[in-house]
Amino acid sequence: MTTTLSERVSQSAFDGSMLRVVLLMDLHEGAQQRFFDAYEQLRHDIASVPGHLGDQLCQSFANPSQWLITSEWESAPQYLAWVNSEEHVAQVKPLGACARSMRPLTFTVLRETGKRYEAPERASGRLQDAPRLGEGVVRHALTFTVKPGSEEKVAEILSSYTSPAARVDDHTRLLRTSLFMHGNRVVRCVEVQGDLTAALRHVSEQPEVRAVEHAINPYLEQDRDLSDPESARMFFMRAALPAVHHVAAHGPQPDRVARHALFYPAKPGCGPLVARFLARQDETAAKVPTSPVLSSSIFQRDDVVVRLLDVRGPADGRFAAGFGIEGPRRAAVLNRLLAGTPAAAPAAPHPMDPITDRRSPAQS
């Protein structure tokens, strides 16, 4: 049976569909009024953010300490531009101070039904064309920089820890953790089956992981205090590198699969354009039966773009046809978007150095 491209693309921020964002919160005892006041300020702040259509604040009918904020956005890139900004960090900080836990969820809008959406005055946005298929895997990445000169020591620390238990609960498992470096930039990619939030919490509580995080603290360019929940939350919020696109071949995987990470430093303001460009190239490459690329995940935050590739067999060093940047026209387009690339030079990403790539056993 032939697998269509739409079935291979299990995630994309670039299809133009509207986005529904849900934030579940459990507040500290007695923080309800303080939280409500913080929300009132936040809703005024984001009313003028491009792409923001509106939001709702809901309080649990049964438990007054449980709250829900839902917001609607014209498209995922507009939401990501805001959520990855320093303005967002500052705006949500008062909310975080009121909460015992926060769980954000994002959904593209597939259908709208009911009287509310049938009204003539309802200006419906674009809906996702069809349900996406996937293997139940959530992909996420973190990126941060370390002090120049400490790269070798940091790589040693990050490659030497004992892997935490893969099983989180009956529904969630850690599948794979891949860590790469380019210069003083670290990128850690994780694949989770089930609940990403539960998996990240599980990992952060493991003694071996906490020891590694404390060991690299002196080498980080951005200071953090992991004993302070607010400091840790702010660090990981800034370090988040969201997955914006994933395309994969279906069917049995070959025995020899090599994983590569490519770093694309975009010119100021061009990060979303680089990510969108790469997504189109990945979709084109996915149509070629002989392509060595089995899957590609694109992660983007501001002007930091990382492309994670699983390639059939060993890479031969030619990051071109199989990686979707073939021909002078495509290379020229990418060239104009990347920082520090002379106009006459061939466009090329920066291959990142693999530090560790850990897969969980089939059952653990």
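In this predicted model, strand β2 (residues 19-27) is joined to strand β4 (residues 66-73) by eight bridges. The two strands run antiparallel. V21 faces S71 of β4 across the pairing. V22 stands opposite T70, also in β4. In a regular strand, side chains alternate between the two faces of the sheet.

β4 also pairs with β3. Seven bridges link these strands, again in antiparallel fashion. Here D55 has S71 of β4 as its bridge partner. β3 and β4 make up a hairpin, with six residues lying between them.

Together these strands belong to an open sheet of four strands. Its order is β3-β4-β2-β5, and the pairing is antiparallel. The edges are formed by β3 (52-59) and β5 (99-108), each of which pairs on one side only. From one strand to the next, the twist averages 15°.

A helix covers part of this arrangement. Helix α4 (residues 86-98) packs on the sheet and touches β2, β4 and β5. The direction of α4 makes about 130° with that of β5. β4 is mostly covered, with six of its eight residues buried; buried here means under 20% relative accessible area.

Key:
Residues are numbered from 1 along each chain as its sequence is written. This is a predicted model: local features need pLDDT of at least 70, side-chain atom pairs count only at pLDDT 80 or more; totals for chains, interfaces and linings use all residues. Side-chain values use heavy atoms; hydrogens and water are left out. Two strands pair if DSSP finds at least two bridges between them. Axes are lines fitted to C-alpha atoms, for helices over the stretch in contact, and angles run from 0 to 180 degrees between N-to-C directions. Contact means heavy atoms within 4.5 Å. Buried means under 20% relative accessible area, exposed over 50%, partly exposed in between (1.4 Å probe, protein chains only).
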